[in-house]
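Welcome, and please open the model in your viewer. We will walk through it stop by stop, with something to select at each one.

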Amino acid sequence: MKRFSISRLAGAAVVAAALFATAACGGDSEPAADGGPVDLSTVTLKVGDQKAISIEVLLRASGQLENLPYKIEFSTFTAGPPLVEAAGAGGIDLAQVGNTPVIFGAAANADIKIVGALSATGKGDAILVGKDSAVASVADLKGKKVAVTKGSSANANLLLQLQKAGLGLEDVEPVYLAPADGYAALTRGDVQAWAVWDPYTAIAEKEVGAKTIATADQAANGYNFWVASNKAVGDAGKSAAIRDFFTRYAAATKWSSDNLDLWSTKYAELTSIPIDASRITWTRSIKEPIPLDSKVIDSEQQIADAFTKAKAIPGKVTFADFVDTRFDQK
């Protein structure tokens, strides 16, 4: 039973994506980048989703997928790094990821642009240990095995928390695993800690009594980002659809904040996670759209520089080179 919810979480979003296929409606037009009209009825926006985020479910529950003037095709991934890879390869047009997959994508010179930013508290991005663990602080992780998804926001949280404690990645033994496998490794005792994000954090806390020894708000930023393929950014129709999509997402986020009980219940039902874990997740991990401004860019540059210093990415990343602010919601 302890592994049931996270396994179901991995599969439920795929089922939801199949159930919520979205068709194009009408023939509305939006201005193109050059000022000319765009026939959105001819546009298909390919959006990558994360199993734990369920952007599609949020948009559907809030009514923001009604009367779409274009078509959306959702596809579901396990975490941010493969979403960035897919965007870079042109397999998807748009995706939401944490603060680190975009840095790894930039380090690989991926064919992407960062086109939007979101804020969150960072409290759901945590380093967890077992309920009976003697590990009480990040300093206690020295020489220990820590499960983490490589290139994820949890990877940055782990790195920055270690640096804050006077340690480095070389002082622990990172075990690079997908979230569901990290959960299993922690519960079996194969690793002594697990760096992960909500709702996985909330599930582990509620199901197996996992203890939090550090959260990202203590060392990192809580930013998330919209990443788009360069091909989509250069296409007038897809660019217009992205702008409309961002407006709908902002409205859906406000709806979820204003209807926390309803949204938490719906999310729990669709992902088969405990209702209390769902409520915790959406109390501390709702992502609010914010301007993609110099404060955000500078904060990301600091994280990128930390990875460069740790020799965890090749060379130096200039984060601003991958930013496109044309899609910011004014």
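**Stop 1: two crossing helices**

Select helix α5 (residues 153–164) and helix α12 (residues 294–309): their axes come within 11 Å and cross at roughly 75°. Axes here are lines fitted to C-alpha atoms, for helices over the stretch in contact, and angles run from 0 to 180 degrees between N-to-C directions. Angles under 35 degrees count as roughly parallel, over 145 as roughly antiparallel, 65 to 115 as roughly perpendicular and the rest as oblique; α5 and α12 are therefore roughly perpendicular to each other.

Now show side chains. Asn155, Ala156, Leu159, Leu160 and Gln163 of α5 meet Ile303, Ala306 and Phe307 of α12, where contact means heavy atoms within 4.5 Å. The residues of this contact divide into six nonpolar, two polar and no charged. For that count, Ala, Val, Leu, Ile, Met, Phe, Trp, Tyr, Cys and Pro are nonpolar, Asp, Glu, Lys and Arg are charged, and the others, Gly among them, are polar.

**Before moving on**

This is a predicted model, in which local features need pLDDT of at least 70 and side-chain atom pairs count only at pLDDT 80 or more, while totals for chains, interfaces and linings use all residues. Residues are numbered from 1 along each chain as its sequence is written, and side-chain values use heavy atoms, with hydrogens and water left out.

Zoom out to see the chain, with its 12 helices and 13 strands. Helices (H or I, at least four residues) and strands (E, at least two) are DSSP runs, numbered from the N terminus. Of the 330 residues, 55% count as buried, meaning under 20% relative accessible area, with exposed over 50% and partly exposed in between (1.4 Å probe, protein chains only).

**Stop 2: the six-stranded sheet**

Colour the strands β4-β3-β5-β12-β6-β13: in that order they make an open sheet of six strands with mixed pairing. At the edges are β4 (71–77) and β13 (288–290), each pairing on one side only. From one strand to the next, the twist averages 30°.

Pick β6 (residues 112–119) and β12 (residues 224–229), which run antiparallel and are joined by six bridges; two strands pair if DSSP finds at least two bridges between them. Which residue in β12 is the bridge partner of isoleucine 112? Look for serine 229.

**Stop 3: the five-stranded sheet**

Next, select β9-β8-β10-β7-β11, an open sheet of five strands, again in mixed pairing. Its edges are β9 (173–176) and β11 (211–215); each has a single partner strand, so one side of each is left without a neighbour in the sheet. The twist here averages 25° from one strand to the next.

**Stop 4: a serine and a helix**

Find serine 239 in helix α9 (residues 236–258). Is serine 239 buried or exposed? It is buried, with a relative accessible area of 3%. Its side chain reaches the backbone oxygen of valine 233 at 2.9 Å.

Finish at helix α11 (residues 275–284), where Ala277, Ser278, Thr281, Trp282 and Arg284 are buried. Show α7 (200–208) and α10 (260–271) too, as they are included in what covers those residues.

Methods:
A polar contact is a pair of N or O atoms within 3.5 Å; within protein, one must be able to donate a hydrogen and the other to accept it, and residues adjacent in sequence count only if both atoms are side-chain atoms.
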